[in-house]
Amino acid sequence: MKSKTVGRDSSCDLVLEHSEASRVHARIEVNEDGLIFLQDADSSKGTFLNRNDSWIRIRKVTLCIGDRIRFGELEVALERLTAVFGNRSNARLEARHFQLKNANTGARLFADLRNTGPLLQKPKRNPVTGKIEEDGPV
């Protein structure tokens, strides 16, 4: 794996000029397939990921298209993170994750995108026996 550092220290590959950034705040790694991983380096202010409209503190994560990254309170564009490996690198972001706030809407959106046919429906059960019915009560 190729590894780069992110932080306030001038020796880091990506220097963050912000008071909330630790000297070495995180590490960015690229595996053999080119996927990019971001790992917090036990920073005091934390490393955060925004995926599907919510911020979560991470220890290690695979970066995806559309993700947002924050080091403490400093948000950094994905382009800056991927640029540390240079143009000749095979570094790439994972495919975008689908937003699934409402499971039915998300499933419907995913089915439409994949063109897989009708959506699965919750099976109907006989209220007396509890058995699954195919066409309705017998």
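This is a short tour of a predicted model, one selection at a time.

**Stop 1: the whole chain.** Now trace the elements from the N terminus: β-β-β-β-β-β-β-β-β-α-α-β-β. Switch to a surface view. The accessible surface is about 9,600 Å². Carbon and sulfur atoms hold 47% of that area. Of the 138 residues, 34% count as buried. Contacts also reach along the chain: among those between residues at least 6 apart in sequence, 40% join residues at least 24 apart.

**Stop 2: an open sheet.** Select strands S6, S5, S8 and S9. These four strands form an open sheet, in the order S6-S5-S8-S9. Their pairing is antiparallel. Which strands lie at the edges? They are S6 (55-58) and S9 (74-76), and each pairs on one side only.

Stop 3: Keep S8 (residues 68-71) and S9 in view. Three bridges join these antiparallel strands. Pick Ile69 next. Its bridge partner in S9 is Val76. In general, the strands of a sheet pair through backbone hydrogen bonds.

**Stop 4: Ser22.** Now select Ser22. It sits in the loop between strand S2 (14-15) and strand S3 (26-30). Is Ser22 buried or exposed? Ser22 counts as buried because its relative accessibility is 14%, and buried means under 20%.

Technical notes. Residues are numbered from 1 along each chain as its sequence is written. This is a predicted model: local features need pLDDT of at least 70, side-chain atom pairs count only at pLDDT 80 or more; totals for chains, interfaces and linings use all residues. Side-chain values use heavy atoms; hydrogens and water are left out. Helices (H or I, at least four residues) and strands (E, at least two) are DSSP runs, numbered from the N terminus. Buried means under 20% relative accessible area, exposed over 50%, partly exposed in between (1.4 Å probe, protein chains only). Two strands pair if DSSP finds at least two bridges between them. Contact means heavy atoms within 4.5 Å. Accessible areas come from the Shrake-Rupley method with a 1.4 Å probe; for residues, only the protein chains shown count as cover.
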